[in-house]
Amino acid sequence: MTKDPNWEADRRHWMHPWTHFDSFAEGGSLMLARARGSRLWDADDNSYFDAVGGLWCTNIGLGREEMAETIAEQVRQLAYANPFVDMANAPAAQLAQKLAELAPGDLNRVFFSCGGSTAIDTAFRLVHFYQNCRGKRAKKHILARRGGYHGSTYAAMSITGKSGDRVPEFDYIDGTIHHLSCPNTYRAPQGMDEQQFRDFLVAEFEQKVVELGADNIAAFFAEPILGSGGVIVPPAGYNRRVWELCRAYDILFVADEVVTAFGRVGHWFASEDLFDIQPDIITCAKGLTSGYQPLGATIFSDRIYDVIADDSERYFASGFTYSGHPVACAAALKNIEIIEREALLHRVIDVGAYFEQQLQTLRELPLVGDVRGKRFMMCVENVADKRTRALLPDELNIGKWISDRAESLGLIVRPIVHLNVMSPPLTMSRGEVDFVVQTLGEAIQMAHRDLVAAGHLPGRVAVSA
């Protein structure tokens, strides 16, 4: 247990997001004290390589002096500005212009919020506002996917299809939000190859449209690559074909790029550059400021804006006290400048290919069923049986067994039940890739030995023939 007196204050008073009450009451938290680049130090001065990148977000790394100076200078000059109606500030205006330049196609309008959940919540409201403005008031239904994660507001969690996050003690929007199959090829129906699975998913999508009626469907919400649901890269061609169906049936395509944007997979935005789709709306956050300030953005098309703005008596009655916060927007502008100046997108493409290649070597280890992802967005799925792909019991929480052992070796990876997820800063080097892969491999082997010793696994795990 740490000697830090704040450990007990945290345990007694701070209710964390996703608190697991029993384990938190018993073990408390890892108290972090400082950071530099990809390195974290806890309150007892133990050092860790942060392969999680905070929470998918510390893209440029932590402890940047020029970022601290930018934030401090903006605080001195204009720490806050009312964003409502007809009051503005320079950092917000400049950032909106920059995002319009970076976003694909005619996505030239930006609504700022405080993070990814509020960006999705804004998109949800904007979708209905737009459909109502064009006289399509029956278009209320939303399509999403099982395994997708879109945030924790009432609307965002209702759109989320990740079963582990939809706990029964909360309520959700029922009746107008529909979840389709998760595009996880590793878990495709038996006998289907990737192409057959893609065709199955596309047919399912169109069948749901026909069932509900296209005139009743407002939008489809989708992460180009599913994040917290398991770092799932959909089958080749799937995103494009579903987008084409959305165009054909007059359904808005909302790309949730809260994780994938700002370099995570080597591009400012993944939708067009990786998947050849032109969304109607893109939501982003996280890497927008690299975690230095809370900020989200809902970027939408001129086509949508022209419809909602065509009535002189109409106003968009939605927003937040901290929309377009000048300090957060100044941080985002500096963050984008650093990514551009240091060519971090190119670095992710280069080092990311090496990261993917090296992680594949873990397939030889016990427990490892699948290794998947794209560049600096990767995941290991752990199983009880490699041949059948059978999972260990949820309550065993194998991902945590592994992450705890990795932590003891100086590596932070994120446990999500059966998974260990990695989203390191974009500055990660090849040498650091080697450390991550070697250390994670050692942690997996340690966890396997301990599981066997505890009687949770037989002495020898089944492996593929």
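This is a predicted model: local features need pLDDT of at least 70, side-chain atom pairs count only at pLDDT 80 or more; totals for chains, interfaces and linings use all residues.
Residues are numbered from 1 along each chain as its sequence is written, and side-chain values use heavy atoms, with hydrogens and water left out.

Back to our cysteine. A disulfide is a covalent bond between the sulfur atoms of two cysteines. Here the working rule is a pair of cysteine sulfur atoms within 2.5 Å. Cys-284 is in no disulfide either, since its nearest cysteine sulfur, that of Cys-329, is 11 Å away. With a relative accessible area of 0%, Cys-284 is buried.

Now for the inside of the protein. In soluble globular proteins, nonpolar side chains tend to be buried together. By a nonpolar core I mean a set of buried Ala, Val, Leu, Ile, Met, Phe, Trp, Tyr and Cys residues joined through side-chain atoms within 4.5 Å. The largest such core has 100 residues, and the ones with the most contacts inside it are Phe-220, Phe-269, Phe-355 and Leu-440. Let's look at Phe-220: leaving out residues up to four places away in sequence, its contacts (heavy atoms within 4.5 Å) include Leu-143, Phe-205, Tyr-238 and Phe-253. There is also a second, separate core of 23 residues, and among them are Phe-124, Cys-133, Ala-219 and Leu-252.

Next, a helix. Helices (H or I, at least four residues) and strands (E, at least two) are DSSP runs, numbered from the N terminus. Helix H4, residues 65-77, has 13 residues and reaches 18 Å from its first C-alpha to its last, close to the 18 Å expected at 1.5 Å a residue; that expected span is 1.5 Å times one less than the number of residues. Which residues of H4 are buried? They are Met-67, Thr-70, Ile-71 and Gln-74. Seen down the axis of H4, these buried residues fall within an arc of 95°, so they line one face of the helix; the arc is that of the directions from the helix axis to the C-beta atoms. Helix H5 (90-102) and helix H12 (326-341) are included in what covers them. The face turned away from that buried side carries the exposed residues Glu-65 and Arg-76.

On to strands, where two strands pair if DSSP finds at least two bridges between them. An open sheet of 4 strands runs in the order E1-E2-E3-E13, with mixed pairing. E1 and strand E13 (411-412) stand at the edges, each with a single partner strand, so one side of each is left without a neighbour in the sheet. E1 (residues 32-36) and E2 (residues 39-42) pair in the antiparallel sense over 4 bridges, and Leu-32 stands opposite Asp-42 in E2. Their hairpin has 2 residues between the strands, and Gly-37 takes a positive phi near 65° there. E2 is joined to E3 (residues 47-50) by 3 bridges, again antiparallel. That hairpin has 4 residues between the strands, and Asp-45 in the turn has a positive phi of about 70°.

Let's visit one more strand, E15 (residues 419-422). In a regular strand the side chains alternate between the two faces of the sheet. Both faces of E15 are covered: Leu-419 and Val-421 on one side, and Asn-420 and Met-422 on the other, are all buried. Strand E12 (residues 377-382) is joined to E15 by 4 bridges and runs antiparallel to it, with Cys-379 opposite Val-421. Strand E14 (residues 414-416) also pairs with E15, in the antiparallel sense, over 3 bridges.

Finally, is Trp-14 buried or exposed? At 51% relative accessibility, Trp-14 counts as exposed. Trp-14 lies in the loop between helix H1 (6-13) and helix H2 (21-27), and touches Ala-9 and Phe-24, not counting residues up to four places away in sequence.

How values were computed:
Buried means under 20% relative accessible area, exposed over 50%, partly exposed in between (1.4 Å probe, protein chains only).
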